[in-house]
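Subject: Structure for you to look at

Hello,

I am passing on the structure below, followed by notes on what was found in it. Please read them with the model open.

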Amino acid sequence: MPDESIPLGVPTPARMYDEALHGKDHYEVDRRANATLYQGIGEESVRATALENRRFLGRVVRRLAAEHGVRQFLDVGSGLPTMRNTHQIAQEADPGARVLYVDYDPIVAVHGRALLEGDNTRILTADMRDPAAILDDPVTRELIDFTRPVAVLFIAVFHFITPEEDPARIVAAFRERSAPGSYVAISHLTSDGTPPAEQRSWEKAFENATSPMVFRTREEIGRVFDGYELIEPGLVRPWTWHPDDDGSPQTTSLYGGVGRKL
């Protein structure tokens, strides 16, 4: 069950991400946690990583909706509503596209429900560590038809999942429920190209947050796609994934890719 009592005195990834994107739905505790990052890594670098990740999400959703005909999106660990949200992009391709946002931070629902929910958009408070709680929730079952292709988005969330909690297990649960022709999109902070001192700064910033920081190599991230076939250009730096003129920063902090269920 989702924790409806996450204290405001504890920083959360959703609110820290919002602050890094110059959003407005965060608290002093989140700003202090990010200040630790800015001191250890550099504010420009951290904000560039957040923006690169957000631009990657936008290009993935646009491409899957406009070119691959996906009309259902399950945005897991969605964070707070901010620039160019998933439903806005998907519904440009088809106003009937359905989007379910999922996050375990109840503040996401509090701030996002009035802005995001419409006829084809919902917000669910649930924890990805318990996939069945998401897949079997009445809100999910009402909105998402798993007999038809669905894109499941895990954007910058698995670096908050420990090896014991097993990202591959989580992805497999959604894959098993999804129809052939479904997609999964993943972005993840990586230890490849990230200096140890920078990794320690990330870890320190999240050590008192609701989720820890876990770095993985490109090979480890690739294994999370088991059961999917990576589509071109594969698992790459997000800014190189079908780049356009969206102003995506070019960092070496992340890997991202999209896989298709055959």
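His-26 is buried, with a relative accessible area of 14% (buried is under 20% relative accessible area, exposed over 50%, and partly exposed in between, with a 1.4 Å probe and protein chains only). This is a predicted model, in which local features need pLDDT of at least 70 and side-chain atom pairs count only at pLDDT 80 or more, while totals for chains, interfaces and linings use all residues. Residues are numbered from 1 along each chain as its sequence is written, and side-chain values use heavy atoms, with hydrogens and water left out.

His-26 sits in the loop between helix 1 (13–20) and helix 2 (28–41); helices (H or I, at least four residues) and strands (E, at least two) are DSSP runs, numbered from the N terminus. Its side chain makes a polar contact of 2.9 Å with the side chain of Asp-18. A polar contact here is a pair of N or O atoms within 3.5 Å; within protein, one must be able to donate a hydrogen and the other to accept it, and residues adjacent in sequence count only if both atoms are side-chain atoms. Apart from neighbours within four places in sequence, His-26 is in contact (heavy atoms within 4.5 Å) with Arg-15, Asp-18, Glu-19 and Arg-31.

Helix 1 is largely enclosed by the rest of the structure, because 7 of its 8 residues are buried. Those buried residues are Pro-13, Ala-14, Arg-15, Met-16, Asp-18, Glu-19 and Ala-20. After helix 1 comes His-22, with a positive phi near 65°.

Helix 1 packs on helix 2 at an angle of about 65°, the axes being 9 Å apart. Helix 1 is therefore roughly perpendicular to helix 2. Axes are lines fitted to C-alpha atoms, for helices over the stretch in contact, and angles run from 0 to 180 degrees between N-to-C directions. Angles under 35 degrees count as roughly parallel, over 145 as roughly antiparallel, 65 to 115 as roughly perpendicular and the rest as oblique. On the helix 1 side the contact is made by Arg-15, Met-16, Glu-19 and Ala-20, and on the helix 2 side by Val-29, Asp-30, Arg-31, Ala-33, Asn-34 and Tyr-38. By class, this contact of helix 1 with helix 2 has 5 nonpolar, 1 polar and 4 charged residues. Ala, Val, Leu, Ile, Met, Phe, Trp, Tyr, Cys and Pro count as nonpolar, Asp, Glu, Lys and Arg as charged, and the others, Gly among them, as polar.

Helix 3 and helix 4

Helix 3 (residues 43–66) packs with helix 4 (residues 86–93) at about 25°, with 8 Å between the axes. The two are therefore roughly parallel to each other, and the crossing of helix 3 and helix 4 is right-handed. From helix 3, Leu-57, Gly-58, Val-61, Arg-62, Ala-65 and Ala-66 meet Thr-86, Ile-89, Ala-90 and Ala-93 of helix 4. The residues of this contact divide into 7 nonpolar, 2 polar and 1 charged.

At the start of helix 8, a side-chain oxygen of Asp-166 comes to within 3.2 Å of the backbone nitrogen of Ala-168. Pro-167, Ile-170, Val-171, Ala-172, Phe-174 and Arg-175 are buried in helix 8. The buried residues of helix 8 pack against strand 1 (72–76), helix 6 (131–135), strand 4 and strand 5 (183–189).

Arg-169, in helix 8 (residues 167–177), is partly exposed at a relative accessible area of 34%. Its side chain reaches the backbone oxygen of Glu-165 at 2.9 Å. Not counting residues up to four places away in sequence, Arg-169 touches Arg-129 and Pro-131.

Backbone points in loops

Ala-156, in the loop between strand 4 (151–155) and helix 8, is a residue other than glycine with a positive phi, near 55°. Ala-156 is buried, with a relative accessible area of 15%.

The loop between strand 6 (229–230) and strand 7 (254–260) holds Pro-233, and the peptide bond from Glu-232 to Pro-233 is cis, with omega near 5°. His-242 lies in the loop between strand 6 and strand 7 and has a positive phi near 45°. His-242 is partly exposed, with a relative accessible area of 25%.

Regards

Methods. Left-handed = near helix turned anticlockwise from the far one by under 90°.
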